[in-house]
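The tour goes from one selection to the next.

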Amino acid sequence: MARKNEVRAQVALRSSAGTGTVYRTTKNRRNTPDRLVLRKYDPKVRAVVEFKESR
């Protein structure tokens, strides 16, 4: 089995609404060295809010 590519990092996206909801995804560190900010659905708030990458 091939070794995982170390360029792609696994990151956690935390809700900016403060509910503790987390999405897990991967990102390419070479293409996006800055922290990710995505608008996704938060089921606790029942709305689309910003999710920011946490380390």
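Is Glu-53 buried or exposed? Select Glu-53: this residue is buried, with a relative accessible area of 6%. Buried means under 20% relative accessible area, exposed means over 50%, and partly exposed lies in between, with a 1.4 Å probe and protein chains only.

A note on the model before the next selection. This is a predicted model, in which local features need pLDDT of at least 70 and side-chain atom pairs count only at pLDDT 80 or more, while totals for chains, interfaces and linings use all residues. Residues are numbered from 1 along each chain as its sequence is written, and side-chain values use heavy atoms, with hydrogens and water left out.

Glu-53 and Lys-27 form a salt bridge, with their closest N and O atoms 3.1 Å apart. The two residues are 26 residues apart and link distant parts of the chain: Lys-27 is in strand S2 (residues 22–28) and Glu-53 in strand S4 (residues 47–54). Strands are DSSP runs of E, at least two residues, numbered from the N terminus. Lys-27 is buried too, at a relative accessible area of 7%. A salt bridge here is a side-chain nitrogen of Lys or Arg within 4 Å of a carboxyl oxygen of Asp or Glu, and a search of the whole structure finds one.

Next, select Asp-42, in strand S3 (residues 37–42). Asp-42 is buried yet has no salt bridge. Its side chain makes a polar contact (a pair of N or O atoms within 3.5 Å, one able to donate a hydrogen and the other to accept it; residues adjacent in sequence count only if both atoms are side-chain atoms) with the side chain of Ser-15, at 2.8 Å.

Notes:
Helix = DSSP H or I, 4+ residues; strand = E, 2+ residues; numbered from the N terminus. Lys, Arg positive; Asp, Glu negative; His and termini not counted.
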